[in-house]
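Load the model and keep a selection tool ready. The stops below go from surface patches to sheets.

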Amino acid sequence: MDFQVVVLAGGNSKNLTPLISKDVPKPLLPVANRPVLYYVLHQLRQSNLKDLIVVVEGEDAALHVGGWISKTFVDGLHVEIAAVPEDIGTAGALRAISHHLTAKDILVVSGDLVSDVPPGAVAATHRRHDAAVTAMLCSVPVSGSLESGSSGGKDKTRKPGRYNIIGLDPCKQFLLHIATGSEIEKDSRLQKHILHAVGQMEIRSDLMDAHMYAFKRSVLQEVLDQKDTFQSLKQDIVPYLVRSQLKSEALLNGISQAEENGNEKLSSPNNQVLVSKILANASTPSFHEPYSMEPDGSAQTRKTHKCCAYIASSSSYCVRLNSIQAFMDINRDVTGEADHLLSDNIIGPSPKLGTKTTVGPHCMLGEGSEMGDKCQVKRSVIGRHCRIGSHVKIVNSVVMNHVTIGDGCIIQGSVVCSNVQLQERVVLKDCLVGAGFVVTMGNEYKGESLARKEK
Amino acid sequence: MSFPILMKPLPLSLKDFNFIAEANKSNAPGGAASSKSVKQPPQKKDGPPVASSVAASERGVDRPVEKERKKDLPPPRMQFDDESRVGKAKRRSLLNQPEARNRVELFRHLPPHKNGSQLPYLESKFFELHEMHPSVYKVGLQYLTGDTSGGNARCIAMLQAFQEAIRDYSTPPEKTLNRDLTSKIGGFVSFLIECRPLSMSMGNAIRFLKSRIARLPLTLSESEAKAALCSDIDRFINEKIVLADKVILRHAATKIRDGDVLLTYGSSCVVEMILLYAHEIGKQFRVVVVDSRPMLEGQKLLRRLVAKGLSCTYTQLNAISYVMHEVTRVFLGASSIFSNGTVYSRVGTAPVAMVAHAFHVPVLVCCEAYKFHERVQLDSICFNELGDPDAVSKVPGRVDVNYLDNLTDKQKENLQLLNLKYDATPSDYISVIVTDYGMIPPTSVPVIVREYRKEYLLI
């Protein structure tokens with residue numbers, strides 16, 4: 001269908017610092033015992049999109065990701081890994097691979113998106129309206145665990161900046177205004193000529209930009225070439241395209257015009273005008289029309305482009321992994337309500353549970369894990385090959401692979417990374433324990449982030 | 001129901017008409033064979049309607065001309081009240097067929113309306129429909145959502161999509177271009193039918209395209225064949241639609257005098273062009289635009305006319321008899337014209353024509369010749385298109401007018417909503433039909449079908 005898919009897998013993220021290390025880049029961060037990139041790739045494979053470009057920041061991370069992909073998706077996908085230098089932003093990443101893009105439309109998916117919305121829906125909306133950019137919007141996820149204690153140190157620094165302010169037209173198909181992140185706290189500026197053209201704009205703050213975009217390739221390459229300072233798709237490029245939708249520069253349409261003209265050599269310009277007028281009159285008028293018509297009624301030079309929005313239904317699940325809180329939420333949801341995202345068992349083939357050990361609903365135990373006696377596990381995810389002692393209580397937490405937990409530990413609302421050793425009677429509440437850390441016995445930590453110093 | 005006669009299509013009309021029409025060209029046995037081949041609707045079509053009969057007719061270019069013409073007759077249509085056929089069609093279809101809720105008894109044989117609920121299903125399958133070309137898919141989506149409507153526009157959009165599909169087409173090995181491309185086009189057509197039933201203009205265009213594909217000389221290379229087909233499509237659009245419209249403009253503008261009050265119904269692109277052209281050449285006249293719910297298409301026409309400076313009056317169908325006394329001419333558009341002179345057009349055209357006839361106002365129907373069809377239809381029931389039934393009960397912008405929302409399920413069982421899209425205007429109410437072959441009385445339509453149809457099929 002002439003679509004090319006680019007997955008922006010990132011590499012480093014300052015929000016998720018203790019969880020991410022050199023060995024575990026962000027795309028491989030496990031959610032319910034699978035790397036978060038798996039969900040994106042699995043969905044793309046199910047939609048029959050087999051040729052992908054995965055962009056990773058940093059050479060080492062690219063190697064890790066490449067290795068994992070070839071192991072997991074041996075037959076299904078044909079993936080090209082592109083490594084880009086770090087910290088160049090999503091736009092910079094696209095600039096780096098711009099010469100690989102050949103299809104008519106590009107579908108850009110963020111590698112940390114966990115959702116069940118089919119990418120075909122965004123693509124179909126894009127094609128139907130012949131849009132320059134189509135963004136997927138989903139309702140803002142409800143975050144926060146059910147039994148959270150005081151908010152951890154990380155939560156205090158969480159800005160409400162992850163919400164968006166979105167302006168839509170009355171039939172909810174076109175995107176008129178989008179404000180993200182830091183702009184929300186200051187005043188938001190609306191474009192008056194857009195409001196004047198549409199007449200009625202609906203402004204919503206309960207929708208979130210899910211970072212799945214469909215771009216027309218010519219438009220995307222044009223913007224990337226012209227605007228060197230744009231670093232981020234979400235914060236720079238998409239708002240720029242939305243702002244300039246009725247007054248796009250002539251260059252933006254020069255390419256498409258040339259492509260169209262090349263094909264219609266046979267009919268004279270008069271006939272062409274008549275045909276396009278018939279087609280234009282027949283379709284439901286959108287607010288772009290008055291701006292795209294020349295005074296004599298010919299629709300030859302279009303100076304507008306369309307920005308469409310696809311609003312995911314409220315029953316679909318869509319969350320981005322860009323903070324610790326989101327990480328906890330996704331783990332909880334994927335084992336809980338949204339377990340259709342997983343395709344196999346909840347409990348691995350061989351967990352060894354001791355006597356009187358209870359494992360609550362919505363838990364996940366990886367294979368090869370062993371638990372001692374009288375343990376309680378509630379709403380948590382435990383990775384592979386863990387050795388958990390007796391009288392351990394794990395509530396609302398994520399424990400990754402190869403973790404050793406001594407007897408009598410209590411872990412609540414925390415994330416424990418791989419290869420960690422917790423000695424006896426450790427109490428962790430809302431903590432983040434980085435990889436390879438050793439927590440000495442009898443300590444109590446509340447709301448702290450423990451990480452081994454990088455050598 | 002007290003219309004038993006109307007419900008079953010009359011056995012006489014179709015056969016007799018074909019017999020009469022064919023009698024000039026073929027001998028009696030041939031005529032009898034043709035009447036047998038066009039059985040009544042109980043014979044269903046399998047797969048795309050046009051493909052079966054036309055593909056059968058185009059097998060072998062060297063068949064005698066008469067036999068081909070016999071098989072060009074319209075195939076029997078699928079009736080949706082036969083459970084087994086509906087089940088078969090359901091299994092073969094690309095879209096999920098919606099469950100029929102509460103359909104009016106009399107119109108059960110028509111395909112149920114595909115409302116916007118199909119859209120999510122189609123969207124999720126976007127990347128999985130291998131055999132579909134993206135531009136055909138886009139056109140299908142536009143039909144489904146109602147973004148494109150109007151006979152000419154739908155036909156042009158479809159032909160342009162087919163042009164792109166042909167350009168991107170490459171013959172698989174061990175297959176001939178003719179047969180493979182014909183079957184591919186057949187696949188596209190059945191997809192488009194499922195999005196929205198074809199209009200007559202589209203049906204004729206598809207027949208033209210398939211006959212052109214079948215008549216390609218075998219000596220042509222693939223790229224030459226593709227280029228030839230694309231130029232044929234361009235020629236069809238230019239000659240049959242664009243040029244035809246220009247000729248119609250000239251003819252119809254002679255019928256408009258200064259001081260006229262012209263009435264039009266709904267939004268026909270040809271009538272709009274006529275009014276704008278007459279205004280440009282300086283004629284002084286007024287326009288009355290008559291509109292009707294639920295589509296309210298006249299509002300778009302009104303907006304465009306007022307933007308060009310014509311003085312217009314806008315009213316709805318209920319007021320037609322109050323407005324008609326000051327009207328001097330009525331201009332109507334058509335989706336198709338049948339061989340007995342019946343005009344098949346947007347629902348509401350028939351009352352307009354009837355009231356005009358009662359007031360002795362001449363009715364001019366403006367229609368390109370490619371929309372003519374050999375079919376004969378006496379009523380609006382046996383062939384029509386169903387629209388969204390919920391649109392009838394809702395008034396946009398007035399959420400307080402929602403009396404039907406509070407009905408219980410039991411009450412809803414007794415209420416069936418019907419939203420018809422087209423109706424048939426008998427030829428007695430039409431004064432003249434303006435086509436690109438000139439201004440003809442309604443009785444001359446079969447002549448044009450007979451004489452000029454073979455011309456472009458045989459080119």
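Where in chain A is the place of L190(A)? Select L190(A): it lies in the loop between β10 (175-180) and α6 (192-198) of chain A. Helices (H or I, at least four residues) and strands (E, at least two) are DSSP runs, numbered from the N terminus.

This is a predicted model, in which local features need pLDDT of at least 70, side-chain atom pairs count only at pLDDT 80 or more, and totals for chains, interfaces and linings use all residues. Residues are numbered from 1 along each chain as its sequence is written, chains are lettered from A and ligands numbered from 1 in the order in which they are written, and side-chain values use heavy atoms, with hydrogens and water left out.

**Nonpolar patch.** Patches are made of residues with over 30% relative accessible area and no salt bridge, with like charges joined within 9 Å and nonpolar side chains (Val, Leu, Ile, Met, Phe, Trp, Tyr) within 5 Å. A salt bridge is a side-chain nitrogen of Lys or Arg within 4 Å of a carboxyl oxygen of Asp or Glu. Accessible areas come from the Shrake-Rupley method with a 1.4 Å probe; for residues, only the protein chains shown count as cover. L190(A) has 38% relative accessibility and so counts as partly exposed; buried means under 20%, exposed over 50%, partly exposed in between.

**Negative patch.** Next select E59(A), D60(A), E86(A) and D87(A), a patch of negative charge on the surface. Lys and Arg count as positive and Asp and Glu as negative; His and the chain ends are not counted. A charge is placed at NZ of Lys, CZ of Arg, CG of Asp or CD of Glu. E59(A) belongs to helix α2 (residues 59-72) of chain A and is exposed, at a relative accessible area of 57%.

Move to K378(A), K393(A), K429(A) and K446(A), which form a positive surface patch. K378(A) sits in strand β18 (residues 376-378) of chain A and is partly exposed, at 37% relative accessibility. Now show the open sheet of 6 strands, β15-β18-β21-β24-β27-β30 (chain A), paired in parallel. Its edge strands, β15 (358-359) and β30 (444-446) of chain A, each pair on one side only. Two strands pair if DSSP finds at least two bridges between them. Strands β21 (residues 393-395) and β24 (residues 410-412) of chain A run parallel, joined by 3 bridges; K393(A) stands opposite I410(A) in β24(A).

Finish with the open sheet of 5 strands, β17-β20-β23-β26-β29 (chain A), with parallel pairing. Here β17 (370-371) and β29 (438-439) of chain A are the edge strands. Strand β26 (residues 421-422) of chain A pairs with β29(A) over 2 bridges, and Q421(A) has V438(A) as its bridge partner in β29(A).

Methods: Buried < 20%, exposed > 50% of the residue type's maximum accessible area, 1.4 Å probe, protein only.
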